[in-house]
Amino acid sequence: MLAIRYLGHSAFLLEAEGKTVAVDPFLRDNPMAAVGPEEIAPGTILLTHAHNDHVGDTIAIAKRTGAKVIATYELGQWLGRQGVAGAAPAAHGGTVTFDGGTVKLVPAWHTSSYFDGENDVAPGVPAGLVVRMGGATVYFAGDTCLFGDMRLIGEEGLDVAVLPIGDNFTMGPKDAARAVEFLGVKTVIPCHYNTEPAIRQDPEVFKRLVEEQPGVRCVVLAPGESHQV
Ligand code: NI
Ligand code: MN
């Protein structure tokens, strides 16, 4: 059993067998955040890319909890230089083991950099995440457009896909619905919407659109809510 808890924007907390994993823990500056960064204590943090709305509070949380932080190479190296002892750089195609599961990095079409207040740093590339934990397989697309190789990612045998629907910076609802078809997944959780005006969406519109596909269920989570797999 895996609990997937939505923390708002693209931040999630995964819990299984007493292990806790945070995905893209953008909390302090996130107007949708269900919790503050000091309220979570993950043993592992998984990052899709370096943008501030994904790295978020990673450095502070990792320094406090000693979490392993799995990210694409340049971001992982940069986090290490910021004093994150558990930084674990990886790259697409690689599977990394963490306490309670594994993650395979897969492609995502987007950009990646962190703004440190003066400069864009930690350039690198974004990733999607195929997480295996608590007997479930969950795909976090990260920030991405629709792309045909989502069909290959679907061959990983996904129980749930977590997809951005905000448009502007990522897929919008129509392309996200096509992504569900490409992935062949039957449960989808939307994210990356309504955090700022540019990504305003009604998730119920996406739900109706995607549930036109046979057997597909869309689980719309309010920040703080969980879905059990
Ligand atoms: Ni981004
Ligand atoms: Mn983003």
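Biologist: Where is His9 found?

Modeller: His9 sits in the loop between strand E1 (3-8) and strand E2 (11-16). The model is a predicted one. As a general idea, most residues other than glycine have a negative phi. His9 is not glycine, and its phi is positive, near 65°.

Biologist: Is His9 buried or exposed?

Modeller: Buried means under 20% relative accessible area. His9 has 3% relative accessibility and therefore counts as buried.

Biologist: What is the phi of Glu17, and where is its place?

Modeller: Phi of Glu17 is near 50°, again a positive value in a residue other than glycine. Glu17 is placed in the loop between E2 and strand E3 (19-23). With a relative accessible area of 65%, Glu17 is exposed.

Biologist: Now the helices. Which residues of helix H2 are buried?

Modeller: Helix H2 covers residues 58-65, and Thr58, Ile59, Ile61 and Ala62 are buried in it. Viewed down the axis of H2, these buried residues fall within an arc of 165°, so they line one face of the helix. Ala60 and Lys63, on the other side of H2, are exposed.

Biologist: What covers the buried residues of H2?

Modeller: The cover includes E4, H1, strand E5 (68-72) and helix H3 (73-81). After H2 comes Gly66, with a positive phi near 75°.

Biologist: Which residues are buried in H3?

Modeller: They are Leu75, Gly76, Trp78 and Leu79. Down the axis of H3, the buried residues fall within an arc of 165°, so they too line one face of their helix. Their cover includes H1, H2 and E5, along with strand E6 (87-90), strand E9 (114-115) and strand E10 (120-121). Just after H3, Gly83 has a positive phi of about 95°.

Biologist: How many cavities of 30 Å³ or more does the structure hold?

Modeller: The structure holds one. The largest cavity has about 40 Å³ of space. Among the residues lining this cavity are Ser10, Asp24, Thr48, Phe140, Gly142 and Cys191.

Biologist: Let us turn to the metals. Which residues are the protein donors of the nickel ion (ligand 1)?

Modeller: The donors are His49 (NE2), His51 (ND1), His110 (NE2) and Asp143 (OD), lying 2.2 to 2.3 Å from the nickel ion. Along the sequence, these donor residues are spaced H-x1-H-x58-H-x32-D. The pair His51 and Asp143 links distant parts of the chain, 92 residues apart. His51 is in the loop between strand E4 (44-46) and helix H1 (52-55), while Asp143 is in the loop between strand E12 (136-140) and helix H4 (150-154). Both His51 and Asp143 are buried.

Biologist: What are the angles among the four donor atoms of the nickel ion (ligand 1)?

Modeller: The ideal angle for four tetrahedral donors is 109.5 degrees. At the nickel ion (ligand 1) the angles among the four donor atoms are 89 to 178°, and the site is irregular.

Biologist: What are the protein donors of the manganese ion (ligand 2)?

Modeller: Asp53 (OD), His54 (NE2), Asp143 (OD) and His192 (NE2) lie 2.1 to 2.2 Å from the manganese ion. Their spacing along the chain is D-H-x88-D-x48-H. Asp53 lies in helix H1 and His192 in the loop between strand E14 (187-191) and H6, so this pair ties together parts 139 residues apart in sequence. His192, at 2% relative accessibility, counts as buried.

Biologist: How far apart are the manganese ion (ligand 2) and the nickel ion (ligand 1), and which residue coordinates both?

Modeller: The two ions are 3.1 Å apart, and Asp143 coordinates both.

Biologist: Where does Glu212 lie?

Modeller: Glu212 is in the loop between helix H6 (203-210) and strand E15 (217-218). At 64% relative accessibility, Glu212 counts as exposed. From C-alpha to C-alpha, Glu212 and His54 are 31 Å apart in space, and they are 158 residues apart in sequence.

Technical notes: Residues are numbered from 1 along each chain as its sequence is written. Chains are lettered from A and ligands numbered from 1 in the order in which they are written. This is a predicted model: local features need pLDDT of at least 70, side-chain atom pairs count only at pLDDT 80 or more; totals for chains, interfaces and linings use all residues. Side-chain values use heavy atoms; hydrogens and water are left out. Donors are N, O and S atoms within 2.8 Å of the metal (3.2 Å for Na, K and Ca); water is not among the atoms, so sites may look incomplete. Four donors count as tetrahedral if all angles lie between 85 and 135 degrees; four count as square planar and six as octahedral if opposite donors are over 155 degrees apart and all others between 65 and 115; anything else is irregular. Helices (H or I, at least four residues) and strands (E, at least two) are DSSP runs, numbered from the N terminus. Buried means under 20% relative accessible area, exposed over 50%, partly exposed in between (1.4 Å probe, protein chains only). The arc is that of the directions from the helix axis to the C-beta atoms. Contact means heavy atoms within 4.5 Å. On a 1 Å grid over the protein atoms alone, a cavity is a set of points where a 1.4 Å probe fits but cannot get out, and a pocket is an open set with protein on both sides within 12 Å along at least five of seven lines; lining residues have an atom within 4 Å of a point. Grid points are joined across faces, edges and corners, and a volume is the space filled by probe spheres set on the points.
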